[in-house]
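Please walk me through this structure.

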Number of protein chains: 2
Amino acid sequence: MHFITTDLSLARKLDAQDELAGFREAFVIQDQNLIYLDGNSLGRLPRKAISTLQDGIERQWGERLIRAWNEGWIDAPRLLGAKIASLIGASDDEVLVTDATSINLFKLAVAALRRHPERRTLVSDVFNFPSDLYIFQGILDLLGERYRLELIPSRDGLTIDPQDLAQALNEDVALLSLSHVAFKSAFLYDMQAVTALAHQVGALVLWDLSHSAGVVPMDLDGWGVDLAVGCTYKYLNGGPGSPAFLFVKRQLREQLIPPLWGWFAAQSPFDFDLQFTPAPSISRFRVGTLPVLSMLALGPALDLVGEAGVDRLREKSVAQTEYLIYLAQQWLVPLGFSLGSPFQAGQRGSHVSLRHPEGYRICRALIESLPPAPVVIPDFRTPDNIRLGVAPLYTTFVEIHRALARLRVIVAEKLYEGYPHERLAVT
Amino acid sequence: MHFITTDLSLARKLDAQDELAGFREAFVIQDQNLIYLDGNSLGRLPRKAISTLQDGIERQWGERLIRAWNEGWIDAPRLLGAKIASLIGASDDEVLVTDATSINLFKLAVAALRRHPERRTLVSDVFNFPSDLYIFQGILDLLGERYRLELIPSRDGLTIDPQDLAQALNEDVALLSLSHVAFKSAFLYDMQAVTALAHQVGALVLWDLSHSAGVVPMDLDGWGVDLAVGCTYKYLNGGPGSPAFLFVKRQLREQLIPPLWGWFAAQSPFDFDLQFTPAPSISRFRVGTLPVLSMLALGPALDLVGEAGVDRLREKSVAQTEYLIYLAQQWLVPLGFSLGSPFQAGQRGSHVSLRHPEGYRICRALIESLPPAPVVIPDFRTPDNIRLGVAPLYTTFVEIHRALARLRVIVAEKLYEGYPHERLAVT
């Protein structure tokens, strides 16, 4: 996309032309002076979720009590899984909403390693979210010295070179597990090509879709993906800590033995057999009782993504990150910023990292601004990345313009100097 | 306790004398014709939880958004853990609210087995909840043939004989893991004595407190308990699927390596180190992001238990289960029922199982009664157990009287014959 002016008028025009603009109304947005660019960490609250949650609390829990299990709760992991399936190119019976992303990653990675006991290598990359790498390290510590973890390096700190990826793959690799979109640089893998490459050496592939589900189109079934996990509280707007999802290719399902033998994973839980028999369905990857209230908002939240359509969301997301980068180049690069994300849209997810040596204090200044300046909420990723997330369901071009203009003022006038270096617990 | 009459007047008198009676007002109870005796499966909704949840949804998520992590969410597992600690005789830094019971059991059981690699036996009993046994079976399947699971049998189907327990313990036992209160018969272990017995052979002890926390007094620190897990949605009233808790004795904490290396378990998550270093605190047993909305009700719910006091709750619970058994003996045993729980109060938790060959259809008849008959909600445990749970925070003696009277009518008049044998998904 080509932009010809940094004038606010262009942002207004782009908003006026945006066919998804109406979706912003579906979210609770009370303070128009708050520019929220952290939907990649915690998505906004869908209006409809409020009444859904109220019903869940007061009628389902309060009045129906235990009977509510038979009136919807028991089926929620499958029904919500089916909604997610339609957003990622999977089938209804391949996706389950359950547990946390790390726990699902543990289940699937252990099951995958055990499927190929003669192979000893688990491959990931240096861009993967540390939580994923920690889970892998814990698995290796648990399963013993026969396994090793290899991390593909990055040459430029922004992307992974296909040659380095190819080099890491060989007949000893049991599992390749990567984040589809890297949390720091937003580097976006070519899922189809990488999956095919891994399959050439007989490895299974496990994708973490946390930063791409709902905002990057994908076709898990069409591309032959084996396994995937992802969180639901970023671009899917399920609410703080809403349960994660997992995907298992239908053909693999009954060949995999997850290590957590949960009651809800059993074929007939209410027979109370003393010996576990796994369910023949995707339910074998469930564990225990799920946090019902934290699942309730997901229904209306996922419906909004489905209604907008991931292809259209991607199109708007690309236009918005391109616009953001254009403004950054015009205004911020001259002030000492550099781009911490790939320049090519095809290699980038829906957030943009801008790097600056004073990144942390600049973030604090953005967040703690006083009126009439807007409050801008990005997040910070050490050592110097200001992450600006575009959530095309509700982010506007005018917000991007205002946020970047504010960044420019804060740095040009050194307003960040009034803020502390000490980190908050969550940054 | 001695009861001299089955007249309703006695139930009324007992309610009038009940010093905890006022706590019933703290719960949402709209339908006085609904007699809820399943607080041992899903506790009732505390009134105060409604406003707490509304604030969590509309202000914290809706307005504060990501900032809410620094404004309370991040500390909730520890703060709620401290509230639970005060109910189970533990210290603030030994308890954490996190994940589901099965997942916590997996973490602690694996860590315990790995602590004593020269020992090969994990001991439990045939009364343990199948979900716990399934987790153990999965662990054995994962860790290989060096381990074996031994289940202590029951001679009478109601209790575990101390001799059988002693027989199962020897120098090869790495871990003894039991439910403090058995889910079916409500058999209550002498936690202090059993823990001491296990320690005599050098085994660690892991208690599942799901059916006892909040209603049976215990002193984990005083009794030297090593490890415990428990759920929070039964007698603790945290709401459907509210996160579970875990307890790790302070002296053991840094000797144990949980198998799930979670991001929130790391010493400094926001440093985003690629290599995991476990937190030196109880937080090392955390994993990923927790379901925030499903944790919010726990605060006010736990405060109610603390205010009433577990000793007083136990006293009332014993009086109520004794009264229930008295009425059952007078009215139901002559109709073909038998007692499926220990007769001695000291061996019994807060629910009573009544057994009848037509148990399932009797349950259906209780639940699906039409006015003016009361709707009575117990639950059913195969093959023939009707579980009647007493939740002393809100169950009244009159409710127990009405429920047993209704049971008597249903069986005497064979009203259950109009109900199907086919099971509902959740029973």
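The paragraphs below start with the pairing of the chains and end with one arginine.

This is a predicted model: local features need pLDDT of at least 70, side-chain atom pairs count only at pLDDT 80 or more, and totals for chains, interfaces and linings use all residues. Residues are numbered from 1 along each chain as its sequence is written, chains are lettered from A and ligands numbered from 1 in the order in which they are written, and side-chain values use heavy atoms, with hydrogens and water left out.

Begin with the symmetry. Chain B superposes on chain A by a rotation of 180 degrees, with 0.0 Å of shift along the axis and an RMSD of 0.0 Å. That is how a two-fold axis relates copies. In chain B, S294(B) has the C-alpha nearest the axis, at 2.7 Å.

Now look at the interface. In chain B, 84 residues are in contact with 84 residues of chain A; contact means heavy atoms within 4.5 Å. Of the interface residues of chain B, 100% are also interface residues in chain A, so the copies meet through the same surface. The size of an interface is often given as the accessible area lost when the parts come together. Here the two chains bury about 7500 Å² between them, with 71% of it on carbon and sulfur atoms. That area is found with a 1.4 Å probe and summed over both parts.

What holds polar atoms across this boundary can be counted too. There are 21 residue pairs in polar contact between chain B and chain A, both at pLDDT 80 or more. A polar contact is a pair of N or O atoms within 3.5 Å; within protein, one must be able to donate a hydrogen and the other to accept it, and residues adjacent in sequence count only if both atoms are side-chain atoms. The salt bridges between the chains number 2. One salt bridge joins R114(B) and D141(A), at 3.0 Å from N to O. The term needs a side-chain nitrogen of Lys or Arg within 4 Å of a carboxyl oxygen of Asp or Glu.

Finally, turn to R348(A). This residue sits in the loop between β9 (338-339) and β10 (351-355) of chain A. Helices (H or I, at least four residues) and strands (E, at least two) are DSSP runs, numbered from the N terminus. R348(A) counts as buried because its relative accessibility is 1%; the cut-off for buried is under 20%, with a 1.4 Å probe and protein chains only. Its side chain makes a polar contact with the side chain of T321(A), at 2.9 Å. R348(A) also touches residues including A186(A), R314(A), E322(A) and F343(A).

Methods. Copies are superposed by least squares on the C-alpha atoms of residues with pLDDT of at least 70 in both. Buried means under 20% relative accessible area, exposed over 50%, partly exposed in between (1.4 Å probe, protein chains only). Lists of a residue's contacts leave out its neighbours within four places in sequence.
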